[in-house]
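Please examine the sequence and the model below before reading on. The explanation that follows is meant to be read beside them.

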Amino acid sequence: MIDSDTFKVGMRQLAGHVCVVTTADASGVRVGLTATAVCSVSADPPTLLVCINRQNASHGAIRAAGFFAVNVLALDDRALADRFASGVGGEARFSTGRWSHDITGAPILDSAMASFDCRIAQAVDVETHGILFGHIVGVRVRTDDAKLLLYAHGQYGGFASLPSLNTADSLWIPNWNSRADPSDRS
Ligand SMILES: Cc1cc2nc3c(=O)[nH]c(=O)nc-3n(C[C@H](O)[C@H](O)[C@H](O)COP(=O)(O)O)c2cc1C
């Protein structure tokens, strides 16, 4: 096996979405954390998973509540990514942003690119983390032209699309060894 530092060096090459995963207890006290380990699992029934370190306070709170929401952050909510991973804990993390709730009662961020309201279908502990599978009972999608916040190489950034590959020009693969002039395709 490799060591954990080498694991992290490799994993920093995975670009990901940035989510705030939230829940609330029976008296309405909210908790949440920043998480990139969120993955689509199944469309039928609609299911996703989130991996949360079992030492994080949010893990126990989400397990106890039995529901959670995954809020996919927009570029202009980058400050929330920092806040929900900071030393500030509990309710104080929710002091910025507009929050509501949908079906389960988990906090939904109104400005999220998408929010998935989930009930825990299954929970599996693997090493340091709990993998929580959520059945998605509600989804909200932001419809303006807001941009996604991404995380890669240990930094936040945005998405830039490349030109389409659907043209004859771009499908041509140059043979650099045999041609100096890429416009010569004879
Ligand atoms: C970009 C980013 C992604 C993160 N992804 C995860 C993750 O997928 N799972 C996790 O358990 N912690 C993740 N963390 C760490 C938690 O957000 C952080 O430990 C947080 O303070 C935990 O809060 P809590 O102890 O109140 O639950 C991430 C942090 C950052 C900055």
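The paragraphs below treat the strands, the ligand site, the cysteines and some backbone details in turn.

This is a predicted model, in which local features need pLDDT of at least 70 and side-chain atom pairs count only at pLDDT 80 or more, while totals for chains, interfaces and linings use all residues. Residues are numbered from 1 along each chain as its sequence is written, and side-chain values use heavy atoms, with hydrogens and water left out.

Two conventions are needed for the strands. Helices (H or I, at least four residues) and strands (E, at least two) are DSSP runs, numbered from the N terminus. Two strands are taken to pair if DSSP finds at least two bridges between them. Strands of a sheet pair through backbone hydrogen bonds, either parallel or antiparallel.

Strand S11 (residues 150-152) is joined to S1 by two bridges in the antiparallel sense, and Leu150 in S11 is the bridge partner of His17. His153 lies in the loop between S11 and S12. His153 has a positive phi of about 55° although it is not a glycine. Most residues other than glycine have a negative phi, and most peptide bonds are trans. The relative accessibility of His153 is 46%, so His153 counts as partly exposed; here buried means under 20% relative accessible area, exposed over 50%, and partly exposed in between (1.4 Å probe, protein chains only).

Strand S2 (residues 19-24) runs antiparallel to S3, and six bridges join them. Within this pairing, Thr34 in S3 is the bridge partner of Val20. The hairpin of S2 and S3 has five residues between the strands, and Gly28 there takes a positive phi near 90°. Thr22 also lies in strand S2. Thr22 is buried, with a relative accessible area of 0%, and its side chain reaches the backbone oxygen of Pro107 at 2.7 Å. This is a polar contact, that is, a pair of N or O atoms within 3.5 Å; within protein, one must be able to donate a hydrogen and the other to accept it, and residues adjacent in sequence count only if both atoms are side-chain atoms.

Which residues are closest to the ligand? They are Thr34, Ala37, Asn53, Asn56 and Ser58, out of 16 residues that surround the ligand, where a residue is near if one of its heavy atoms lies within 4 Å. Strand S3 (30-35), strand S5 (46-53) and helix H2 (57-65) each supply at least two residues of this shell. The shell divides into ten nonpolar residues, five polar and one charged. In this division Ala, Val, Leu, Ile, Met, Phe, Trp, Tyr, Cys and Pro count as nonpolar, Asp, Glu, Lys and Arg as charged, and the others, Gly among them, as polar.

An oxygen atom of the ligand is 2.8 Å from a polar backbone atom of Thr34. For the side chain of Asn56, the distance from an N or O atom to an oxygen atom of the ligand is 3.0 Å. An N or O atom in the side chain of Arg93 is likewise 3.0 Å from an oxygen atom of the ligand. On its own the ligand has 650 Å² of accessible area, of which the protein covers 77%; accessible areas come from the Shrake-Rupley method with a 1.4 Å probe, and for residues only the protein chains shown count as cover.

Strand S6 (residues 67-72) pairs with S9 in the antiparallel sense over six bridges, and Cys118 in S9 is the bridge partner of Phe68. Cys118 is buried, with a relative accessible area of 0%, and Cys19 is buried at 1%. With a disulfide defined as a pair of cysteine sulfur atoms within 2.5 Å, the count comes to zero.

S9 also pairs with S10, in the antiparallel sense and over twelve bridges. Val126 stands opposite His129 in S10. The hairpin of S9 and S10 has two residues between the strands, and Glu127 in the turn has a positive phi of about 50°. Glu127 counts as exposed, at 68% relative accessibility.

Asp44 and Pro45 are joined by a cis peptide bond, with omega about 5°. Pro45 is found in the loop between strand S4 (38-43) and S5.
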